[in-house]
Amino acid sequence: MSTWRRWRRILKNAAPFVRRREYRIVQAKYAALAEALNGAASPASKAAITVVKPCPAGIEGDVCLFVSHGASPRLKPHAAHHIGCLLDAGIQVVLIINTSIPAAALIWDEALLQRLSGVLVRENSGFDFG
């Protein structure tokens, strides 16, 4: 490879802009994603929420909104352990579970449920990352 081509390649790789070829690739991926979704996913604000344990009025102090995905009716063991550690540290925890399982079908650890400041079950739908 000639010195000129090597120098040009180094310069292009260090440039602070996106090269046309890379831009076209990203643009095509974005267009394919938008076409695949085609309005099928609703906003996160449209997801149904069931209150299993309401939060107390005027909750104060250190509060953790702990969000977990529920693929099965029971809370994941590592999530329960993490919540227990937060509670032991004196932090109030409001548990929010994103799941496609109905709230009535979920199985709760009663001892953990008593220690939580609130429990919400959210329908796992929509764009919830922002």
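## Basis of the description

This is a predicted model, in which local features need pLDDT of at least 70 and side-chain atom pairs count only at pLDDT 80 or more, while totals for chains, interfaces and linings use all residues. Residues are numbered from 1 along each chain as its sequence is written, and side-chain values use heavy atoms, with hydrogens and water left out.

## Overall fold

The protein chain has 4 helices and 4 strands, these being DSSP runs numbered from the N terminus (helices H or I, at least four residues; strands E, at least two). Read from the N terminus, the order of the elements is α-α-β-β-α-β-α-β.

Of the contacts (heavy atoms within 4.5 Å) between residues at least 6 apart in sequence, 75% join residues at least 24 apart. Of the 130 residues in the protein chain, 22% count as buried, where buried means under 20% relative accessible area, exposed over 50%, and partly exposed in between (1.4 Å probe, protein chains only).

## Strand 3 and its partners

Strand 3 (residues 92-99) has 7 of its 8 residues buried, so it is largely enclosed by the rest of the structure. Strand 2 (residues 63-70) pairs with strand 3 in the parallel sense over 8 bridges, pairing being assigned if DSSP finds at least two bridges between two strands; V67 has I96 as its bridge partner in strand 3. Strand 3 also runs parallel to strand 4 (residues 118-123), to which 6 bridges join it, and the bridge partner of V94 in strand 4 is G118.

Strand 2, helix 3 (residues 77-88) and strand 3 make a right-handed β-α-β unit, as do strand 3, helix 4 (residues 110-115) and strand 4. Right-handed here means that, with the strands pointing away from the viewer, the path from the first strand over the helix to the second runs clockwise.

## I97 within strand 3

I97 lies in strand 3 and, at 6% relative accessibility, counts as buried. Leaving aside residues up to four places away in sequence, I97 touches S68, G70, L75, W108, L120, V121 and R122. The C-alpha atoms of I97 and E123 are separated by 8.3 Å, although these residues are 26 residues apart along the chain.

## Surface

The protein chain exposes about 9,700 Å², of which carbon and sulfur atoms supply 59%; accessible areas come from the Shrake-Rupley method with a 1.4 Å probe. W7, found in helix 1 (residues 3-14), counts as partly exposed at 48% relative accessibility.
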